[in-house]
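Here's a walk through the model on screen, from the helices to the core and then the charged pairs. Keep the viewer open as you read.

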Amino acid sequence: MASLDSTRRSRLRGFAEDYGLIVVAGFFFLLAVAGAVLFVFGDEQFAQRIIDTYGLPALLPIFVLEGAMLLYFAPSEALVPGAIEFLATEPSGYQWPTIAAIFVVATVGATLGQVALFQLAKRGGREWLLQKPWFRIDESKLDRFDRWFDRWGKWAVPVSNALLFTRGMLTVPAGVAEIDTREFAVLSAAGTVVFEAWLALAYHYAVSLGLLDFF
């Protein structure tokens, strides 16, 4: 029995080594197509309508696109506040179980997307990614975040993930550095939780203080 299990693991490992890049690239290609189609036919209001109509199941693929840096049609910082507004806000107040579910879906989706990009960087390499038309980070910007990773190491991943303008930018340097995939997923998820938490708090106080009434 142990020998059979070992044989199966060896076959899976061999398949991953031989075809892993093709599988991940194919998955990423489908994400890129979805992102491009939504860019042409959708916008931020479209994303809000989808979330309002289909709820949490619609939020998951949107966040996978966000994590993979393929969310071309809506700003990532608007997703969780929009989901809270449409799915978890009642006249009586916030629906906290729904907010918790939104955070789980956002974190899982964004982490899946970032891990997909991480695996492409890990298996395909930096130069391979730079040649792809759907990879929208230019080489000079990537050089800057390579230096971030060289200076701070893996701990730059959650920090960058928690901030505007740098979110997701350490995914490729981390993949090229070949850190452990599970470790990257944990660090990525931690940064996403912090990012979505401060966005949700900012939305709450903006509503409470009436700041959104000016828009």
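## Annotated spans and overall makeup

Residues 184-206 are 100% helix and 0% strand, with their end C-alpha atoms 33 Å apart. That stretch comes from a UniProt record: the unreviewed entry carries the annotation "transmembrane region" for residues 20-42, 54-74, 94-118 and 184-206. UniProt positions here follow the numbering used in this report, feature names are shortened, and annotations may be inferred rather than shown by experiment. Another of those spans, residues 94-118, is 92% helix and 4% strand, and its end C-alpha atoms are 35 Å apart.

A bit of housekeeping: this is a predicted model, where local features need pLDDT of at least 70 and side-chain atom pairs count only at pLDDT 80 or more, while totals for chains, interfaces and linings use all residues. Residues are numbered from 1 along each chain as its sequence is written, and side-chain values use heavy atoms, with hydrogens and water left out.

In all, the protein has 10 helices and two strands (DSSP runs numbered from the N terminus: H or I of at least four residues for helices, E of at least two for strands). Reading from the N terminus, the order is α-α-α-α-β-β-α-α-α-α-α-α.

## Surface and contacts

Of the protein's 215 residues, 43% count as buried (buried is under 20% relative accessible area, exposed is over 50%, partly exposed is in between, with a 1.4 Å probe and protein chains only). The protein exposes about 11,900 Å², and carbon and sulfur atoms supply 64% of that (Shrake-Rupley method, 1.4 Å probe; for residues, only the protein chains shown count as cover).

As for contacts (heavy atoms within 4.5 Å), take those between residues at least 6 apart in sequence: 73% of them join residues at least 24 apart.

Helix H5 covers residues 96-124, which is 29 residues. From first C-alpha to last it reaches 42 Å, close to the 42 Å expected at 1.5 Å a residue (the expected span is 1.5 Å times one less than the number of residues).

The largest nonpolar core holds 45 residues, and Val-80, Ile-84, Ile-102, Leu-129 and Phe-135 have the most contacts inside it. Such a core is a set of buried Ala, Val, Leu, Ile, Met, Phe, Trp, Tyr and Cys residues joined through side-chain atoms within 4.5 Å. H3, H4 (79-87), H5, H7, H8, H9 and H10 each supply at least two residues of this core, and H5 gives the most, with 11 residues. Leaving out residues up to four places away in sequence, Val-80 touches Phe-63, Ile-102, Phe-103, Ala-106, Glu-196 and Ala-200.

## A buried loop residue

Leu-170 sits in the loop between H8 and H9, and is buried at a relative accessible area of 1%. Setting aside neighbours within four places in sequence, Leu-170 is in contact with Phe-145, Trp-148, Phe-149, Ala-156, Val-157 and Ser-160.

## Salt bridges

Searching the whole structure turns up seven salt bridges (a side-chain nitrogen of Lys or Arg within 4 Å of a carboxyl oxygen of Asp or Glu). One of them pairs Glu-66 with Arg-167 at 2.6 Å, N to O. Glu-66 is in helix H3 (residues 56-67) and Arg-167 is in the loop between H8 (156-161) and H9 (171-176), so this pair ties together parts 101 residues apart in sequence. Glu-66 is buried at 9% relative accessible area, and Arg-167 is buried at 10%.

Lys-154 and Glu-183 also meet in a salt bridge, at 2.4 Å, N to O. Lys-154 is in the loop between H7 (139-152) and H8, and Glu-183 is in H10 (residues 181-208), so the pair ties together parts 29 residues apart in sequence. Lys-154 is partly exposed at 27%, and Glu-183 is partly exposed at 29%.

## The charged network

Which residues are linked in a network of salt bridges? They are Arg-126, Glu-127, Glu-139, Asp-143 and Asp-146. In the bridge between Arg-126 and Glu-127, the closest N and O atoms are 3.4 Å apart; Arg-126 is buried at 15% relative accessible area, whereas Glu-127 is partly exposed at 45%. Asp-146 lies in helix H7 and counts as buried at 17%. Apart from neighbours within four places in sequence, Asp-146 is in contact with Arg-126 and Pro-173.
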